[in-house]
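Here is a short briefing on one structure. The sequence and the model come before the notes.

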Amino acid sequence: MLRNISLFIVVIIAALAVSCRTSKQEVRTNTEYENGQKYIESVMQNCCGFDLLSYKMKLTASANTQSISANCNVKIKKDKFISISVVLPILGIEVARMEIDHNGLLLVDKWHKKYLTFSNEDIKNMCGIELNYYSIQALMTGHLFIPGEKHLNKGNIRHLLTSKDESGNIVIALSGKTYRLDFTTIAASRQIAQTEVAAREGKKMKWHYNKYNKQENRQFPTSIKVEIESHPQKFYLNMDISRIANSTGEIEKIELSDRYEKASINDINKLIPSF
């Protein structure tokens, strides 16, 4: 069971563990730039706002010729905490959980009484880039984001540029020192259709957002597909989302008793069989 959540961690880490890439900046007139900024603001306003977001998710991960699936309950406390619980079908018993906060990741196998922790420093050492909670939250909820920033505002969106692709979609782009982001949006609906993270050495990460559901006059994707390309390997993750609810309150964190055994990052291959 733990491997299902581990694969999700791999996706999140890979999304931000990108390497340096340079790109040519386009020259825009003042009018084009101002119109682009207004469009970006309209996309931001269309993204789902929430305090405590909860939903059910069928998670399917595949690589090579193999695939695994898990039923999950997801809770996201805005800007604070994410909980992903893996449950048994029909019985609804929780067998594993992943928790994400500003301190890092906690991965718990309740079935075998094992747990694994990833501090921010651990992830930074593995990836070569600091993992940002706000970027994870944005990827999971279909929002625009800038790595290292808490939220987008009129001050920092000036770093984003807009252009139109061959299909008439509006692409919102950002080139940083250690990443390249492209948000493909549908002009008519202001929906984010795809978020792409490009890295050197041919590595790419794409998050596809579909089947938007209106939540309090804003929109939330109920189908998220992630693909990672790192030649020659490819990895896919499908998230089918249902029963979305927005409420208030806090998320109860898991409490580990003395019966749980802590594993190290070096033990992960033993703890989680190769996929």
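Two strands count as paired if DSSP finds at least two bridges between them. Strands (E, at least two residues) and helices (H or I, at least four) are DSSP runs, numbered from the N terminus. This is a predicted model, in which local features need pLDDT of at least 70 and side-chain atom pairs count only at pLDDT 80 or more, while totals for chains, interfaces and linings use all residues. Residues are numbered from 1 along each chain as its sequence is written, and side-chain values use heavy atoms, without hydrogens and water.

**Strand pairing**

- Strands β1 (residues 52–63) and β2 (residues 66–77) run antiparallel and are joined by 12 bridges.
- Lys56 stands opposite Asn73 in β2.
- Two residues separate β1 and β2 in their hairpin, and Asn64 in the turn has a positive phi of about 55°.
- β2 also pairs with β3, in the antiparallel sense, over seven bridges.
- Lys75 has Ser83 in β3 as its bridge partner.
- The hairpin of β2 and β3 has three residues between the strands, and Asp79 there takes a positive phi near 65°.

**Thr141**

- Thr141 lies in helix α4 (residues 133–141).

**Leu91**

- Leu91 lies in the loop between β3 (81–87) and β4 (94–101).
- Leu91 is exposed, with a relative accessible area of 61%.

Definitions and conventions. Buried means under 20% relative accessible area, exposed over 50%, partly exposed in between (1.4 Å probe, protein chains only).
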